[in-house]
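Visitor: Could you take me on a close look at the sheet in this model, strand by strand? I would like the pairing and the cut-offs behind it.

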Amino acid sequence: MQINGEQCTPDGKTVTEIIEERDLKKEMVAVELNEKILPKEQYDTYVPQDNDVIEIVQFMGGGCY
């Protein structure tokens with residue numbers, strides 16, 4: 001599988017566990033799975049497979065100057 005451009009070996013972890021081991025909060029990220037947005041309701045149950053491509057995007061605050 002691939003996560004944010006890096007090849008990884010599936011290890012049976014859920015998407016939530018993958019997010020947490022990267023020190024991210026699932027409320028502050030969006031997850032794209034094989035070019036489609038993965039609903040947050042599936043983070044706790046979906047276990048990525050060998051051929052999955054995952055992108056985890058973290059929301060950041062900002063504003064205008």
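Guide: Gln-2 faces Val-53 of β5 across the sheet pairing. That contact belongs to β1 (residues 2-3), which runs parallel to β5 over two bridges; strands here are DSSP runs of E with at least two residues, helices are runs of H or I with at least four, and both are numbered from the N terminus. Two strands count as paired if DSSP finds at least two bridges between them. This is a predicted model, where local features need pLDDT of at least 70, side-chain atom pairs count only at pLDDT 80 or more, and totals for chains, interfaces and linings use all residues. Residues are numbered from 1 along each chain as its sequence is written, and side-chain values use heavy atoms, without hydrogens and water.

β5 also pairs with β3, this time antiparallel over five bridges, and Val-29 has Gln-58 of β5 as its bridge partner. β3 and β4 are antiparallel too, over two bridges, with Glu-32 opposite Ile-37 in β4.

Put together, the five strands make an open, mixed sheet in the order β2-β1-β5-β3-β4. β2 (6-7) and β4 (36-37) are the edge strands with a single partner each, so one side of each has no neighbour in the sheet.
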